[in-house]
Amino acid sequence: MTSFATGRMLLTPADRDGPARSERLRRLDLGERPDASFDDFDAFADKVAEVTSSPFSMVNFIDENRQFFAGLHTPAGNRGGQELGAAAAGSNRGARYMARDHGYCPHVVVRRKALVLDDVCDYPRFAGNPVVDEIGVRSYLGAPLIDRTGIALGTVCAVDTVPRPWGRAGLDTIKSLARELVLQIDHREGYHRP
(Lines give C-alpha, C1' and ligand atoms only; values in the text may rest on other atoms or scores of the structure.)
Protein backbone atom coordinates (compact mmCIF):
# COMPACT_ATOMS: atom_id res chain seq x y z
CA MET A 1 0.00 0.00 0.00
CA THR A 2 1.23 3.49 -0.78
CA SER A 3 -0.08 6.83 0.35
CA PHE A 4 -1.10 9.49 -2.09
CA ALA A 5 -0.35 13.21 -1.63
CA THR A 6 -3.93 13.88 -0.55
CA GLY A 7 -3.52 11.58 2.43
CA ARG A 8 -5.72 8.82 1.04
CA MET A 9 -4.43 5.30 1.25
CA LEU A 10 -4.16 3.53 -2.06
CA LEU A 11 -4.65 -0.17 -2.17
CA THR A 12 -2.28 -0.97 -5.02
CA PRO A 13 -1.69 -4.70 -4.89
CA ALA A 14 1.71 -6.18 -4.14
CA ASP A 15 3.27 -7.42 -7.35
CA ARG A 16 5.47 -10.49 -6.79
CA ASP A 17 5.79 -11.04 -10.55
CA GLY A 18 7.07 -7.52 -11.25
CA PRO A 19 10.75 -8.46 -11.74
CA ALA A 20 9.93 -11.36 -14.10
CA ARG A 21 7.46 -9.17 -16.01
CA SER A 22 10.01 -6.36 -16.34
CA GLU A 23 12.59 -8.80 -17.69
CA ARG A 24 10.10 -10.28 -20.15
CA LEU A 25 9.08 -6.81 -21.36
CA ARG A 26 12.76 -5.97 -21.91
CA ARG A 27 13.27 -9.17 -23.91
CA LEU A 28 10.24 -8.31 -26.04
CA ASP A 29 11.40 -4.68 -26.35
CA LEU A 30 8.08 -3.49 -24.95
CA GLY A 31 7.45 -0.83 -22.36
CA GLU A 32 10.84 0.83 -22.57
CA ARG A 33 10.23 3.60 -25.07
CA PRO A 34 7.60 4.77 -27.52
CA ASP A 35 8.64 4.63 -31.14
CA ALA A 36 7.22 3.96 -34.57
CA SER A 37 6.84 0.25 -33.84
CA PHE A 38 4.09 1.13 -31.40
CA ASP A 39 1.76 2.34 -34.17
CA ASP A 40 0.23 -1.14 -34.18
CA PHE A 41 -0.60 -0.79 -30.49
CA ASP A 42 -2.19 2.62 -31.10
CA ALA A 43 -4.26 1.07 -33.89
CA PHE A 44 -5.29 -1.71 -31.51
CA ALA A 45 -6.32 0.86 -28.87
CA ASP A 46 -8.41 2.56 -31.57
CA LYS A 47 -10.07 -0.78 -32.28
CA VAL A 48 -10.83 -1.31 -28.58
CA ALA A 49 -12.41 2.15 -28.37
CA GLU A 50 -14.52 1.48 -31.43
CA VAL A 51 -15.67 -1.99 -30.35
CA THR A 52 -16.52 -0.85 -26.80
CA SER A 53 -17.74 2.65 -27.76
CA SER A 54 -15.37 4.11 -25.16
CA PRO A 55 -13.72 7.53 -25.16
CA PHE A 56 -10.44 6.14 -23.78
CA SER A 57 -8.69 2.84 -24.39
CA MET A 58 -5.18 1.61 -23.78
CA VAL A 59 -2.70 -1.15 -24.37
CA ASN A 60 -0.78 -0.91 -21.12
CA PHE A 61 2.49 -2.64 -20.19
CA ILE A 62 3.38 -2.57 -16.50
CA ASP A 63 6.85 -2.95 -15.05
CA GLU A 64 7.88 -2.85 -11.40
CA ASN A 65 7.50 0.91 -11.07
CA ARG A 66 5.19 2.31 -13.69
CA GLN A 67 2.69 1.79 -16.46
CA PHE A 68 3.46 2.47 -20.11
CA PHE A 69 0.66 3.11 -22.59
CA ALA A 70 2.07 1.48 -25.72
CA GLY A 71 -1.34 1.92 -27.35
CA LEU A 72 -3.54 4.89 -26.61
CA HIS A 73 -6.88 6.20 -27.82
CA THR A 74 -8.32 9.46 -26.44
CA PRO A 75 -11.45 11.44 -27.31
CA ALA A 76 -9.37 14.24 -28.84
CA GLY A 77 -7.55 11.70 -31.00
CA ASN A 78 -4.12 12.76 -29.82
CA ARG A 79 -1.57 10.19 -28.72
CA GLY A 80 0.07 12.32 -26.07
CA GLY A 81 -1.73 11.04 -22.99
CA GLN A 82 -2.10 14.43 -21.32
CA GLU A 83 -5.82 13.78 -20.99
CA LEU A 84 -4.88 10.83 -18.78
CA GLY A 85 -2.46 12.78 -16.62
CA ALA A 86 0.40 10.64 -17.89
CA ALA A 87 4.02 11.80 -17.62
CA ALA A 88 6.22 12.64 -20.55
CA ALA A 89 7.92 9.69 -22.16
CA GLY A 90 10.77 11.67 -23.67
CA SER A 91 9.69 11.60 -27.31
CA ASN A 92 7.35 13.28 -29.71
CA ARG A 93 4.68 10.78 -28.72
CA GLY A 94 4.18 12.74 -25.52
CA ALA A 95 3.02 11.46 -22.19
CA ARG A 96 2.84 7.70 -22.07
CA TYR A 97 3.91 6.79 -18.50
CA MET A 98 1.73 6.72 -15.41
CA ALA A 99 2.50 5.81 -11.81
CA ARG A 100 1.80 2.22 -10.86
CA ASP A 101 -0.63 3.33 -8.15
CA HIS A 102 -2.89 5.17 -10.61
CA GLY A 103 -5.72 3.35 -12.32
CA TYR A 104 -6.93 -0.21 -12.27
CA CYS A 105 -4.61 -2.02 -14.67
CA PRO A 106 -2.12 -3.00 -11.92
CA HIS A 107 -4.98 -4.83 -10.20
CA VAL A 108 -5.79 -6.72 -13.39
CA VAL A 109 -2.15 -7.74 -13.88
CA VAL A 110 -1.69 -8.97 -10.30
CA ARG A 111 -5.06 -10.77 -10.23
CA ARG A 112 -4.48 -12.16 -13.73
CA LYS A 113 -8.22 -11.79 -14.33
CA ALA A 114 -10.40 -9.34 -16.17
CA LEU A 115 -11.94 -6.53 -14.14
CA VAL A 116 -15.30 -4.94 -14.84
CA LEU A 117 -16.22 -1.79 -12.91
CA ASP A 118 -19.55 -0.37 -14.10
CA ASP A 119 -19.12 2.54 -11.67
CA VAL A 120 -15.81 2.75 -9.84
CA CYS A 121 -17.50 4.82 -7.12
CA ASP A 122 -19.52 1.76 -6.11
CA TYR A 123 -16.30 0.10 -4.87
CA PRO A 124 -14.55 1.77 -1.90
CA ARG A 125 -11.26 0.09 -2.85
CA PHE A 126 -11.35 1.70 -6.30
CA ALA A 127 -13.29 4.94 -5.70
CA GLY A 128 -10.31 6.60 -3.99
CA ASN A 129 -7.94 6.01 -6.89
CA PRO A 130 -6.36 9.27 -8.16
CA VAL A 131 -7.73 8.74 -11.68
CA VAL A 132 -11.26 9.33 -10.38
CA ASP A 133 -10.58 12.93 -9.30
CA GLU A 134 -7.70 13.81 -11.63
CA ILE A 135 -9.11 12.43 -14.87
CA GLY A 136 -12.77 11.80 -14.11
CA VAL A 137 -12.71 8.03 -14.63
CA ARG A 138 -16.04 6.48 -13.69
CA SER A 139 -16.02 3.07 -15.37
CA TYR A 140 -13.36 0.56 -16.34
CA LEU A 141 -13.17 -2.63 -18.38
CA GLY A 142 -9.82 -4.42 -18.61
CA ALA A 143 -8.25 -7.83 -19.25
CA PRO A 144 -4.70 -9.11 -18.72
CA LEU A 145 -2.29 -9.79 -21.56
CA ILE A 146 -0.93 -13.19 -20.54
CA ASP A 147 1.72 -14.24 -23.02
CA ARG A 148 2.86 -17.70 -24.09
CA THR A 149 5.26 -17.90 -21.11
CA GLY A 150 2.43 -17.36 -18.63
CA ILE A 151 3.52 -13.85 -17.65
CA ALA A 152 0.89 -11.11 -17.46
CA LEU A 153 2.65 -8.36 -19.42
CA GLY A 154 -0.02 -5.73 -19.00
CA THR A 155 -3.58 -5.06 -20.01
CA VAL A 156 -5.93 -3.97 -22.70
CA CYS A 157 -8.65 -1.73 -21.30
CA ALA A 158 -11.48 0.66 -22.02
CA VAL A 159 -12.36 3.59 -19.76
CA ASP A 160 -15.27 5.99 -19.63
CA THR A 161 -16.05 9.17 -17.71
CA VAL A 162 -19.61 8.06 -17.02
CA PRO A 163 -20.88 4.85 -15.39
CA ARG A 164 -21.32 2.07 -17.94
CA PRO A 165 -23.19 -1.21 -17.63
CA TRP A 166 -20.52 -3.30 -19.40
CA GLY A 167 -22.27 -6.56 -18.61
CA ARG A 168 -21.26 -10.03 -19.69
CA ALA A 169 -20.94 -8.88 -23.29
CA GLY A 170 -18.33 -6.28 -22.27
CA LEU A 171 -16.40 -8.86 -20.28
CA ASP A 172 -16.41 -11.34 -23.16
CA THR A 173 -15.37 -8.61 -25.59
CA ILE A 174 -12.39 -7.36 -23.58
CA LYS A 175 -11.17 -10.91 -22.94
CA SER A 176 -11.41 -11.69 -26.65
CA LEU A 177 -9.50 -8.51 -27.51
CA ALA A 178 -6.79 -9.46 -25.00
CA ARG A 179 -6.39 -12.89 -26.62
CA GLU A 180 -6.16 -11.28 -30.04
CA LEU A 181 -3.46 -8.88 -28.89
CA VAL A 182 -1.44 -11.64 -27.23
CA LEU A 183 -1.38 -13.44 -30.58
CA GLN A 184 -0.01 -10.26 -32.16
CA ILE A 185 2.68 -10.02 -29.47
CA ASP A 186 3.60 -13.67 -30.04
CA HIS A 187 3.85 -12.95 -33.77
CA ARG A 188 6.00 -9.88 -33.07
CA GLU A 189 8.38 -12.15 -31.16
CA GLY A 190 8.44 -14.61 -34.02
CA TYR A 191 6.48 -17.26 -32.13
CA HIS A 192 3.57 -18.82 -33.98
CA ARG A 193 1.03 -20.88 -32.10
CA PRO A 194 0.09 -24.24 -33.61
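Visitor: Which residues lie nearest the centre of the largest pocket?
Guide: The largest pocket is lined by 12 residues. On a 1 Å grid over the protein atoms alone, a pocket is an open set of points with protein on both sides within 12 Å along at least five of seven lines, and lining residues have an atom within 4 Å of a point. Nearest the centre of the largest pocket are Pro-144, Ile-146, Lys-175, Ala-178 and Arg-179.

Visitor: Quick check: what kind of model is this?
Guide: Residues are numbered from 1 along each chain as its sequence is written, and side-chain values use heavy atoms, with hydrogens and water left out. Local features need pLDDT of at least 70, side-chain atom pairs count only at pLDDT 80 or more, and totals for chains, interfaces and linings use all residues; this is a predicted model.

Visitor: Back to the pocket: which element gives the largest share of its lining?
Guide: The volume of the largest pocket is about 210 Å³, taken as the space filled by probe spheres set on grid points that are joined across faces, edges and corners. β8 (139-146) and α6 each give two or more residues to that lining; helices (H or I, at least four residues) and strands (E, at least two) are DSSP runs numbered from the N terminus. The largest share, 5 residues, comes from α6.

Visitor: How many charged residues are in that lining?
Guide: Asp, Glu, Lys and Arg count as charged; Ala, Val, Leu, Ile, Met, Phe, Trp, Tyr, Cys and Pro as nonpolar; the others, Gly among them, as polar. The lining of the largest pocket has 7 nonpolar and no polar residues, and its charged residues number 5.

Visitor: And the largest cavity, how many charged residues does its lining have?
Guide: A cavity is a set of grid points where a 1.4 Å probe fits but cannot get out, and the count comes to 1 cavity of 30 Å³ or more. The largest cavity has a volume of about 120 Å³ and 13 lining residues, with Met-58, Gly-103, Val-131, Val-137 and Val-159 nearest its centre. β4 and α5 (130-135) each give two or more residues to that lining. By class, the lining has 11 nonpolar residues, 2 polar ones, and the number of charged ones is none.

Visitor: Phe-41 and Phe-61: are their rings stacked or edge-to-face?
Guide: Rings of Phe, Tyr and Trp (its six-membered ring) pair if their centres lie within 6.5 Å; planes under 30 degrees apart are stacked, over 60 edge-to-face and the rest tilted. There are 5 aromatic pairs by this rule. In this one the centres are 5.5 Å apart and the planes at 80°, so the pair is edge-to-face.

Visitor: Is Tyr-123 buried or partly exposed?
Guide: Tyr-104, Tyr-123, Phe-126 and Tyr-140 form one aromatic cluster. Within it, Phe-126 is buried, with a relative accessible area of 9%. Tyr-123, at 34% relative accessibility, counts as partly exposed.

Visitor: Where is Asp-29 found?
Guide: Asp-29 has a positive phi of about 60° although it is not a glycine. Most residues other than glycine have a negative phi. At 32% relative accessibility Asp-29 counts as partly exposed, and its place is the loop between α1 and α2.

Definitions and conventions
Buried < 20%, exposed > 50% of the residue type's maximum accessible area, 1.4 Å probe, protein only.
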